[in-house]
Amino acid sequence: MGISKKLKHTTSKMVDSKHMLKGITLASFLESTIVPIPLEAVLIPLMQARREKLWSIALMATLGCVVGALFGYALGYYLFDIVGDWIIQTFASPEQFESVKSKMESQGFWFVMTLGVAPIPFQIAMLAAGATQYSLLLFLLATVIARSLRYFGLALAVYYGGDRAESLIRRYKAKAIVALTLLIVLLWFISDQF
């Protein structure tokens with residue numbers, strides 16, 4: 001069974017499950033830590049099918065990601081010497097990690113915000129934040145804001161787009177991500193001026 005068929009099968013099973021919200025939280029945790037498959041593939045159809053739980057789904061996806069971010073931060077903080085190389089080899093290259101680590105040390109909050117919105121693996125940012133002992137409070141704040149923008153943005157698209165949300169998101173996703181990233185970079189630039 002192909003990956004898209006597996007995702008559709010998983011989504012259809014979750015729609016009627018009484019454990020749907022727990023499942024979303026777990027899926028979001030796994031997506032932010034070890035499974036680099038975008039959660040949107042499950043969230044959008046699920047949000048369309050369960051519109052009465054739309055905001056709860058977005059909240060639980062955000063919560064799962066934040067717990068995953070804490071886990072990744074702790075790995076970087078406490079176990080970087082043991083698991084860091086494996087994570088770097090799995091999700092990036094040593095050069096990419098060094099670049100991320102350098103950015104984390106100099107521009108952590110805005111860097112985490114940018115990575116949290118962009119569709120790139122967040123695992124490296126979490127690991128680098130922990131490895132550099134970046135402020136946990138600022139890391140969590142940036143993660144909550146970025147992932148809330150992502151998941152509640154999907155919920156808004158479903159709320160206003162209804163059954164057309166999936167095609168609208170597919171059509172405008174890249175433009176929305178670029179716009180959000182540019183907005184964050186602009187705010188980042190403005191904050192550096194003061």
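Trainee: Why is Leu75 called buried?

Mentor: This is a predicted model, and in it Leu75 has a relative accessible area of 15%. Buried means under 20%, so Leu75 is buried.

Trainee: Where does Leu75 lie, and which residues is Leu75 in contact with?

Mentor: Leu75 belongs to helix 4, residues 54-91. Leaving aside neighbours within four places in sequence, the contacts of Leu75 are Phe80, Val83, Ile87 and Leu127. Contact here means heavy atoms within 4.5 Å.

Trainee: How far apart are Leu75 and Ala129 in sequence and in space?

Mentor: They are 54 residues apart in sequence. In space the distance is 9.8 Å, C-alpha to C-alpha.

Trainee: What makes Thr25 count as buried?

Mentor: Thr25 has 17% relative accessibility. The cut-off for buried is under 20%, so Thr25 counts as buried. Thr25 sits in helix 2, and touches Met60 and Gly64, not counting residues up to four places away in sequence.

Trainee: Which other residues of helix 2 are buried?

Mentor: Besides Thr25, the list holds Met20, Ile24, Ser28, Glu31, Ser32 and Thr33.

Trainee: How do you know that the reach of helix 2 is close to the expected one?

Mentor: Helix 2 covers residues 20-33, which is 14 residues. From its first C-alpha to its last it reaches 20 Å, and 20 Å is expected at 1.5 Å a residue.

Trainee: Why is the pair of Tyr77 and Tyr78 called edge-to-face?

Mentor: A pair of aromatic rings is described by the distance of the centres and the angle of the planes. Ring centres must lie within 6.5 Å to pair, and planes over 60 degrees apart count as edge-to-face. By this rule the count comes to eight aromatic pairs. For Tyr77 and Tyr78 the centres are 4.7 Å apart and the planes stand at 70 degrees, so the pair is edge-to-face.

Trainee: Are Tyr77 and Tyr78 buried, partly exposed or exposed, and what makes them so?

Mentor: Tyr77 has 35% relative accessibility. Tyr78 has a relative accessible area of 64%, and exposed means over 50%, so Tyr78 is exposed.

Trainee: Which residues form an aromatic cluster?

Mentor: Trp55, Phe152, Tyr159 and Tyr160 form one.

Trainee: Why are helix 5 and helix 7 called roughly parallel?

Mentor: Two packed helices are described by the angle between their axes and the distance between the axes. The axes of helix 5 (residues 94-117) and helix 7 (residues 136-161) come within 8 Å and cross at roughly 30 degrees. Angles under 35 degrees count as roughly parallel, and therefore helix 5 and helix 7 are roughly parallel to each other. Their crossing is right-handed. Among the residues making the contact are Phe109 and Val112 of helix 5 and Leu138 and Phe139 of helix 7.

Trainee: What makes helix 5 and helix 6 roughly perpendicular?

Mentor: The axes of helix 5 and helix 6 (residues 123-131) come within 9 Å and cross at roughly 110 degrees. The range for roughly perpendicular is 65 to 115 degrees, so helix 5 and helix 6 are roughly perpendicular to each other. Residues that meet include Phe97 and Val100 in helix 5 and Ile124 and Ala125 in helix 6.

Trainee: How many helices and strands does the chain have?

Mentor: The chain has eight helices and zero strands. Of its 194 residues, 42% are buried.

Note on methods: Residues are numbered from 1 along each chain as its sequence is written. This is a predicted model: local features need pLDDT of at least 70, side-chain atom pairs count only at pLDDT 80 or more; totals for chains, interfaces and linings use all residues. Side-chain values use heavy atoms; hydrogens and water are left out. Helices (H or I, at least four residues) and strands (E, at least two) are DSSP runs, numbered from the N terminus. The expected span of a helix is 1.5 Å times one less than its number of residues. Buried means under 20% relative accessible area, exposed over 50%, partly exposed in between (1.4 Å probe, protein chains only). Rings of Phe, Tyr and Trp (its six-membered ring) pair if their centres lie within 6.5 Å; planes under 30 degrees apart count as stacked, over 60 as edge-to-face and the rest as tilted. Axes are lines fitted to C-alpha atoms, for helices over the stretch in contact, and angles run from 0 to 180 degrees between N-to-C directions. Angles under 35 degrees count as roughly parallel, over 145 as roughly antiparallel, 65 to 115 as roughly perpendicular and the rest as oblique. A crossing is left-handed if the near helix is turned anticlockwise from the far one by less than a right angle, and right-handed if clockwise.
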